[in-house]
Amino acid sequence: MQELLHVGERIDDLQCKGYQIIQNKEKFCYGIDAVLLAGFAKVKAGENVLDLGTGTGVIPILLEAKTKGRHFTALEIQEESADMARRSVMLNKITDKMDVVTGDIKEASKIFGKGVFDVVTTNPPYMNNHHGLVNPHMPKAIARHELLCSLEDVIREGSAVLKENGRFYMVHRPFRLAEIITVMVRHRLEPKRIRFVHSYVEKEPTMVLIEGLKGGNSMVTIEPPLIVYQDKNCYTEEIRKIYGIEDEEIK
């Protein structure tokens, strides 16, 4: 196990099926948004899944653990992150179920072809050039700001690689929801499920989970809000279930 680690890296428990992931806290570690998206996305038996901008691969690794999907492909532009994802695939002994490809989201349909996946997932950068300060550390900046791809790029390519009636799942920030829906509809991804995530029940939402159906009819369901904390440092029962922890608090 230790031979898979490079300097500065660590192995974290994913709390699911005994799976683990290799991360480097000096680069970029996955957050709750990735875990919630993996819990929100639906993957049926025999389906092929693509994760756009996978980072260290947490979303497809969790989906492989949680679902009966046939195969999972992860696309990541930063080779260092892609390499960590590949080593996590080896660590979890799922090399027959998951591939990690180094490549640009903007070129996804050229890399994989059009209409080849049943499901696309993505946890893209939330901020564009008008939103906040850019982190000076490049891996974190790329993960958080639209430096290498835009929301339009992510949605356009996500739609292109999906089969007709394929499903698109994304986690993003609520303040961009109008833009998200507009771009999705332009690329034939009809919003079908939307769920807002709130830190506390009385607070405004900090995240939005959205499902789109390629070529679907215009009808959307707003699901009940997902509340993260029931008290300070104490997750709600639903969050604990998503994380796979039933008997102890996670802080």
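Student: How many salt bridges are there?
Tutor: The count comes to 18 salt bridges, where a salt bridge is a side-chain nitrogen of Lys or Arg within 4 Å of a carboxyl oxygen of Asp or Glu. This is a predicted model, in which local features need pLDDT of at least 70, side-chain atom pairs count only at pLDDT 80 or more, and totals for chains, interfaces and linings use all residues. Residues are numbered from 1 along each chain as its sequence is written, and side-chain values use heavy atoms, with hydrogens and water left out.

Student: Which residue does Glu47 form a salt bridge with?
Tutor: Glu47 forms one with Arg167, and their closest N and O atoms are 2.6 Å apart. The pair links distant parts of the chain, 120 residues apart: Glu47 is in the loop between H1 and strand S3 (48–52), and Arg167 is in strand S7. Helices (H or I, at least four residues) and strands (E, at least two) are DSSP runs, numbered from the N terminus.

Student: Are Glu47 and Arg167 buried or exposed?
Tutor: Both Glu47 and Arg167 are buried. Buried means under 20% relative accessible area, exposed means over 50%, and partly exposed is in between (1.4 Å probe, protein chains only).

Student: And what does Glu164 pair with?
Tutor: Glu164 forms a salt bridge with Arg188, again with 2.6 Å between the closest N and O atoms. Glu164 is in strand S7 and Arg188 is in the loop between helix H7 (177–186) and S8, 24 residues apart. Glu164 has 46% relative accessibility, so it counts as partly exposed. Arg188 is partly exposed too, with a relative accessible area of 43%.

Student: Which residues form a network of salt bridges that share partners?
Tutor: Glu9, Asp83 and Arg87 are joined into one network that way.

Student: Back to Arg188. What is its phi?
Tutor: Phi of Arg188 is near 65°, a positive value in a residue other than glycine. Most residues other than glycine have a negative phi. Asn233 also has a positive phi, of about 60°, although it is not a glycine.

Student: Where is Asn233?
Tutor: Asn233 lies in the loop between strand S12 (229–231) and strand S13 (234–235). At 39% relative accessibility, Asn233 counts as partly exposed.

Student: New topic, strands. Which strand does S8 pair with?
Tutor: Strand S8 (residues 189–198) pairs with S9 in the antiparallel sense, over nine bridges. Two strands pair if DSSP finds at least two bridges between them. S8 and S9 form a hairpin, with six residues between them. In this pairing, Leu189 stands opposite Lys214 in S9.

Student: How many bridges join S7 to S9?
Tutor: Six bridges join strand S7 (residues 162–172) to S9, and the two run antiparallel. Arg167, the residue that forms a salt bridge with Glu47, stands opposite Leu213 in S9.

Student: How many of the residues in S9 are buried?
Tutor: Seven of the 10 residues in strand S9 (residues 205–214) are buried, which leaves the strand mostly covered.

Student: What about the largest nonpolar core?
Tutor: The largest nonpolar core has 40 residues, and those with the most contacts inside it are Leu36, Leu63, Met98 and Ile239. A nonpolar core is a set of buried Ala, Val, Leu, Ile, Met, Phe, Trp, Tyr and Cys residues joined through side-chain atoms within 4.5 Å. Elements that each supply at least two residues of this core include helix H1 (32–40), helix H3 (79–91), S7, S9 and helix H8 (237–243).

Student: Which residues does Ile239 touch?
Tutor: Not counting residues up to four places away in sequence, Ile239 touches Leu36, Leu226, Ile227 and Val228. Contact means heavy atoms within 4.5 Å.

Student: Last one, helices. How do H6 and H7 cross?
Tutor: The axes of helix H6 (residues 151–161) and H7 come within 9 Å and cross at roughly 35°. Axes are lines fitted to C-alpha atoms, for helices over the stretch in contact, and angles run from 0 to 180 degrees between N-to-C directions. The residues making the contact include Leu151 and Ile155 of H6, and Ile180 and Val183 of H7.

Student: Why is H6 largely enclosed by the rest of the structure?
Tutor: H6 is described as largely enclosed because nine of its 11 residues are buried. Among them are Leu151, Asp153, Glu157 and Val161.
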